[in-house]
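I opened the notebook to record what I looked up in this structure, one topic at a time. Here is the model that I worked from.

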Amino acid sequence: EGVQPQDYTLIKMEVLPPFSPKLKPLADKNKKLFLVAATLRPETMYGQTNAWVLPDGKYGAYEINETDVFILTERAALNLAYQNFSKIPKKTSCLLELTGSDLIGLPLKSPLSFNEVIYALPMLTILTDKGTGIVTSVPSDAPDDYMALHDLKAKPALRAKFGVKDEWVLPFDINEKDKLAEAKRLTYLRGFTEGTMLVGEHAGKKVQEAKPLLRSMLIETGQAIMYSE
Ligand code: A2H
């Protein structure tokens, strides 16, 4: 921060069909549309669960070259134009003005993400004078992302206010019992069979090794008891 320029990685999240009525004319012209997010942590992109946009924020669809159209703030588009990313040198070429609300619910394909499709969702704390005004969400590594997604999952009224469909935030539907069972199996397998303790007096030992040691310690110190049924 301060006087040093901030170097972000811009992540190109491709907008997938079905296209919204506003974006359809651009997609029909054989343009590739991207929501473009600025991140300081490109190595976390495996864990992307969604993208964030500011509902009242002003965005535009800017021509970067013959094929690529970037959706981001005008400020970011102008900066990019001065960094040789614009169809018109040192000028922006805006095909379409948009608001964040126009972007909510767009299905996206984002690099590295284990989720094949992620959705653009509302976040009210996005600043329009930082990065691109679009943020990619990695709840496992970013507390802001974790809390915002948690809020949307926990509050049906918040989802309703911004027209967010349940399936955009809750990929594990109640009907997907098989997936939940598979997730449990894998979590147990990875966590218990292959895991390594990160904290405590057995940090560094295999989880399998630590389990009986911790069980004995808890029982011997009176903090736990054995129970059979
Ligand atoms: B980071 P700095 Cl996993 N408004 O990306 C609000 N937040 C914005 C933003 C905007 N206009 N543009 C970018 N950001 C977020 C990943 C990440 C990020 C992880 C962990 C920490 C982290 C996934 N979200 O940032 O003020 C973006 O979130 C920790 C600060 O320029 C971007 O990197 O330092 C970061 O804030 C840039 O914040």
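Domain bounds, as I use them here, come from an automatic or database domain assignment. With those bounds, I found that the C-alpha centres of domain 1 and domain 2 lie 37 Å apart, where domain 1 covers 9-171 and domain 2 covers 178-220.

Before going on I noted the ground rules. I number residues from 1 along each chain as its sequence is written. This is a predicted model, in which local features need pLDDT of at least 70 and side-chain atom pairs count only at pLDDT 80 or more, while totals for chains, interfaces and linings use all residues.

**Entry: overall form**

I looked up the secondary structure and found eight helices and nine strands in the protein chain; these are DSSP runs numbered from the N terminus, helices being H or I with at least four residues and strands E with at least two. The radius of gyration of the chain is 22 Å, well over the 17 Å that the globule rule gives for 229 residues, so the chain is more spread out than a compact globule. The radius is taken over C-alpha atoms, and the rule is 2.2 Å times the number of residues to the power 0.38. Along the principal axes, the C-alpha atoms fill a box of roughly 75 × 45 × 30 Å.

**Entry: the core**

Which residues touch the most other members of the largest nonpolar core? I found L35, A51, I71 and A120, in a core of 41 residues, and β2 gives the largest share of this core, with five residues. Such a core is a set of buried Ala, Val, Leu, Ile, Met, Phe, Trp, Tyr and Cys residues joined through C-beta atoms within 7 Å. A residue is buried if 20 or more other C-beta atoms lie within 10 Å of its own, exposed if 12 or fewer, and partly exposed in between, with C-beta atoms placed from the backbone. Of the 229 residues of the chain, 26% count as buried.

I then followed A51, whose contacts, leaving out residues up to four places away in sequence, include L35, A120, V135 and S137; a contact means that the two C-beta atoms, placed from the backbone, lie within 7 Å.

**Entry: around the ligand**

I counted 18 residues surrounding the ligand, the closest being T39, K130, G131, D141 and A142; a residue is near a molecule if its C-beta atom, placed from the backbone, lies within 6 Å of it. β2 (32-39) and β9 (134-137) each supply at least two residues of this shell, and β9 gives the most, with three.

Most residues other than glycine have a negative phi, and most peptide bonds are trans. A cis peptide bond joins P17 and P18, with omega about 5°, and P18 is found in the loop between β1 (9-15) and α1 (24-28). N84 has a positive phi, near 70°, and sits in the loop between α2 (74-82) and β6 (94-99). Is N84 buried or exposed? With 9 C-beta neighbours inside 10 Å, N84 counts as exposed. L112 also has a positive phi, near 75°, lies in the loop between β7 (107-109) and β8 (118-122), and is exposed, with 12 other C-beta atoms within 10 Å.
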